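Me: I am new to this structure and would like to go through it step by step. Could we begin with the ligand?

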Amino acid sequence: MKVASVLIPLPVPEAFDYEVPETMALARGESVAVPLGPRLIRGVVAEVRETTGSNRRLKAVTTRLDDPPLPAGTMDFLDWAARWTLSPPGEMTAMAVKGLRAPPPRPERLVRRVGDRTPARSTPARTAVLEALGERAQPPADLARAAGVSSAVVKGLIDEGVLEIIETLVPAAFDPPDPAHAPATLNPDQAAAADVLAAATAAGGFAAFLLDGITGSGKTEAYLEAVARTLARDPSAQILILLPEIALTQDLIARITARFGAAPAEWHSGIAPPRRRQVWEAVVAGRCSIVVGARSALFLPFANLKLVIVDEEHDASFKQEDGLVYHGRDLAVARARIEGAVVVLASATPSLETLWNARAGRYGWLKLSRRHGAAVLPDIQLLDLRQCPPDPQTWLSQPLREAIAETLLAGEQTLLFLNRRGYAPVVLCRACGHRMTSPDTDSWLVEHRYTGRLVCHLTGFTMARPRLCPACGAEDTLVSVGPGVERVEEEVRALFPEARTAVFSSDTVPDARAARALIRTMTEGGIDILVATQAAAKGHNFPRLTLVGVVDADLGLRGGDLRAAERTFQLLTQATGRAGRAERPGRAILQTWTPDHPVLMALAAGDRDAFVEAEMGEREAAALPPHGRLAALILSGVDALAVEKTANDLAAAIPNAERLEVYGPADAPLGLIRGRRRKRLLVRADRDVDLQGFLRSWLGRVKVPASVRLTVDVDPYSFL
Ligand code: ADP
């Protein structure tokens, strides 16, 4: 008898076995419907094996579904990814068949000639229809329009049997990219990088590269050339380009369309399910060459993946923390290895993990050292706020104000950068000191003036700003403390009423379309001063931008998590790198209370190596990533006692292991979210320890009750 292991989208650690009916041919990767309790559920076949006379009574597979099977490379990748992240393999697999969620397209109705039958009665209108139709089947309405007759004429011919209706499935067309459409003339650095990458895809097999170049050095242009040469050699090759933010996709899609004369396929959560289904089907059938997407595009069933590009590879948005916990960049490297493809990690500020791999020679290291054309790096100045503090209740110091005025006068643009949404990060009572917090969450409420509400950025809870302090009842004593982008904008408008000012944050720019519109206005010079959160600190090209002001350069340094300094360095480099891209030199002014902090000094000196050296040294001393490995276990639940007990059970069951330590359990810094209590444990291991194996054997010893959720986060980015 044949048995199929079927991966089901449930939080269970293994595939379930089903009997394969004699008459059913089944293979790995195929979609099936199987019974689970009283219902039928969709699953994917992990393996089919022959068994001899098992006495277990297995339920049988109900149906084999018609969907295209997942290719072997995709199945291998899903299996690896589930093991690496300790995620339920069925849930991981469900990511790969998400594209099938929309109902299949309805067949199109076309009309065509039946043999050479002619109408019994010929009229000019009928003749026009037959002439317009020719040999090609077409929709009846189009035919009537082409012939200049009413649809009744076409219908009459169908009724008479001269024409017939056929139903066909017309797959969505993805125009093939033309590698020779509009090639760029590369500078020598770019050409050298493209040569290496093209040679690697031509050689076949896995290879990984860091494409390392300052902002505006032409990394995109260089990797697009590698894409072109890969496609020129092998028109059936597929290329995946991952971006950290949906807001960046439009710009890249426009560039690819201009370069190759055909738009790439787009894949992210903003794409409607029917379109996603079309992309999915085209990818699995090999009918689509270039996919531009967010991290979820990693799970597409590529038929012939040859090149994967992770742009802005350092970006923490590649880490997925809700639901399945994984790092898109790390999984991209794994996918390339499993598919025998080339992977390119591109960044102006590579992550320490990637630099570590490049230094060790595991990744080829391609450097673009010059900016393209006349653009030069901005002049970076640290502005010591102790010397020139802003006036009370304002946030822009005198020198920064003067620089903005000069820039305005020159007809150029300013970007003021503050990584804080809303108007004020804290609202407190002047009378009793009470801080407004979210009701069931350890998080302060942020004032938003546009909406007139207090908002919890963690859970989305909102309330009207109260007149009375909820703690002491005093009237009109609540004050806003500290700046958010909305408050800086208010100050800018008061200082420069004639300037065109706008705010770019996830509140003012709610979706990709709004982001595109604002970016276009800025690019075309329709904005003089843009006040922005990190959303605008990446990848955009604003040719008239010559001044970047960082309102609070100290912000990220206070976070106290592993990557706080690294993230600050990256953000500030990206933000200051926006200035002076094209023909105009730029400058950046960083307001800081700690001008002698090593991160800021390295930044002002433009000295990435100094920063990396210092930071790598700290990590090495503490044996933290990339010099060691981390994994977090997060327990949460409404029942605080059950959470506590599970945490203690886990602590009591830690397997013996060398070169590995477990910290905790401790209350998570955010100990309460949406009424759920949270506890954390942290595992640190040397690099050569089998961390996943340790976690598996540990978790196998403890029964987690249904009321407690356990999340495993391998290589955590958030420590909250
Ligand atoms: P990066 O990806 O490193 O930030 P881009 O590839 O976006 O850099 O290049 C920055 C700017 O320089 C873009 O406007 C791009 O069109 C232009 N550019 C880069 N390389 C070339 C080239 N070889 N020829 C013409 N323009 C180029």
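Reply: A polar contact is a pair of N or O atoms within 3.5 Å; within protein, one must be able to donate a hydrogen and the other to accept it, and residues adjacent in sequence count only if both atoms are side-chain atoms. A backbone N or O atom of G218 lies 3.0 Å from an oxygen atom of the ligand. This is a predicted model, where local features need pLDDT of at least 70, side-chain atom pairs count only at pLDDT 80 or more, and totals for chains, interfaces and linings use all residues. Residues are numbered from 1 along each chain as its sequence is written, and side-chain values use heavy atoms, with hydrogens and water left out.

Me: What does K219 do at the ligand, in terms of distance?

Reply: A polar side-chain atom of K219 is 2.8 Å from an oxygen atom of the ligand.

Me: Changing topic: which residues form an aromatic cluster?

Reply: F77, F299 and Y326 form one; rings of Phe, Tyr and Trp (its six-membered ring) pair if their centres lie within 6.5 Å, with planes under 30 degrees apart counted as stacked, over 60 as edge-to-face and the rest as tilted.

Me: How many aromatic pairs are there in the whole structure?

Reply: A search finds 5. F299 and Y326 make an edge-to-face pair, 5.4 Å centre to centre with 80° between the planes.

Me: Is F299 buried or exposed?

Reply: F299 is buried, at 1% relative accessible area (buried means under 20%, exposed over 50%, partly exposed in between, with a 1.4 Å probe and protein chains only).
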